[in-house]
Amino acid sequence: MNLASRLLNTARVAVLARHERTVPFWSQERLARRQTRRVRAIVEHAYASVPFYTDAMRERRLTPRDIRSAADLALLPLIDQATVRADERRFLSSRVPRSARRALMTSGSHSGHRGETWWDNDALLHKLAFLERDRAVIGRLLGRMTGHRQLYLLPHSAQSFLLRDWWTEWTVTPKRLATRIVEPAESSYEQILERVRAERADVVYSYGSFAEHFAQWLAARGERIDTPRVWCYGGDGMSEPARALLERQTGALVYSTYQASETGRLGFECERRSGWHLNVDLCAVRLVDADGQTVPDESEGEVVVSNLHNRATVILNFRLGDRAVMAGAPCGCGRGLPVLRALLGRHSEVIRLADGRAISGLVFQASCMYVLEGVLASQLVSESAGRATLRVVTAPGVDLGELERRVRAAIDDRFGEGLAVSIVSVPALATGASGKFTRVVLGGTPKLTRTR
């Protein structure tokens, strides 16, 4: 792209970004009006040019006029990754030519299958401006909006790098905004520790599961870091005890964002730690029960999303695979965006107890975190209802018998006799294709990788 076009794109993004800083503080009524306009526009677009929605709406005798608000999106078929991956072309708009769109790979962390989500170029460019919403929070935490020294601890395949390459191709980034440094997450923890100390970054970015395991490794080694000031994670979650451990070992404020390849940035954490503000004007969100019915606020449900701004691969009424709780009251920070009060992990990381109850991998880790002294990394293998094996990578000298006793005591205290867990020591645990650690797997032997 020539310099004139890049400068024009930069100006467009700058104007939009300045506007985006104010959007989260709009009134709920004004945000609802913007959301409604985008719902109607994307439904008309889908009906006219996306085969899946053209056929689905005709079969249900719906027209775009029947879907007037975000609540009406529930009239459309409830879909998931398996639905989309069965024939990705049926979700592509005929109005967006190949030259006007780019592909992002989904992580496959819910279905186990990676796939392509196409984004139109304008939506990708606008995503750069939308990031101003959570960049403003980082700026408040650091006390300044520019000049951030950023260290990215992400795998080579991370979507963040691909997006950054596109934005560099399309725009001219002022150097005063930030200095970006990369240390691949595939590096050993010793190398990463050395790089973090050497770079003295203001902000570190990583996946949540990586940050969790790195914090456990630091604690087991008795290591502490006096930088960064903020550790920002996304891609997958962390349990509250893991966040506390990371803050204790680094002294950083731990902050997170919520996103997916299918949706872009779904939300960002409030600096008040009240939860994640949802960008509902960009992506409509509701929580549903097992039958697909919307659950009340303050009730646990599965996250269902509808992307309102991507015109290439159109995703509406989509089960994202996450479990969450929506807050019943607005946040005291003054933002009008609704709040996701709790993220409870992936639907695919659910453990069944002997009495039929289900718990998420994050809840299990929260129950055991404080007794996993000397554990560098862990993974729960769900063998059957009420039975599981905890695979652990331990520091030298850890007494496995004593560790198993502590873990069983913690589980009995939290879950009664609903879960019998045995502990097996392994040399290492593998990350998935996306570079994230899998907390819960079904019975079987996962691929091992080199020791961290």
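This is a predicted model: local features need pLDDT of at least 70, side-chain atom pairs count only at pLDDT 80 or more; totals for chains, interfaces and linings use all residues.
1. Residues are numbered from 1 along each chain as its sequence is written, and side-chain values use heavy atoms, leaving out hydrogens and water.

2. For the overall build, you will find 12 helices and 19 strands; these are DSSP runs numbered from the N terminus, helices being H or I with at least four residues and strands E with at least two.

3. On overall dimensions, the C-alpha atoms fill a box of roughly 65 × 50 × 40 Å along the principal axes. Of the 452 residues, 55% count as buried, meaning under 20% relative accessible area with a 1.4 Å probe, protein chains only.

4. Now do look at Lys127, which sits in helix α5 (residues 121-130). Lys127 is buried yet has no salt bridge, a term for a side-chain nitrogen of Lys or Arg within 4 Å of a carboxyl oxygen of Asp or Glu. What is the nearest side chain of opposite charge to Lys127? That is Glu262, 9.7 Å away; here Lys and Arg count as positive and Asp and Glu as negative, while His and the chain ends are not counted.

5. As for its surroundings, leaving aside neighbours within four places in sequence, Lys127 is in contact with Leu104, Trp119, Leu163, Trp167, Gly264 and His309.

Note on methods: Buried means under 20% relative accessible area, exposed over 50%, partly exposed in between (1.4 Å probe, protein chains only). Contact means heavy atoms within 4.5 Å.
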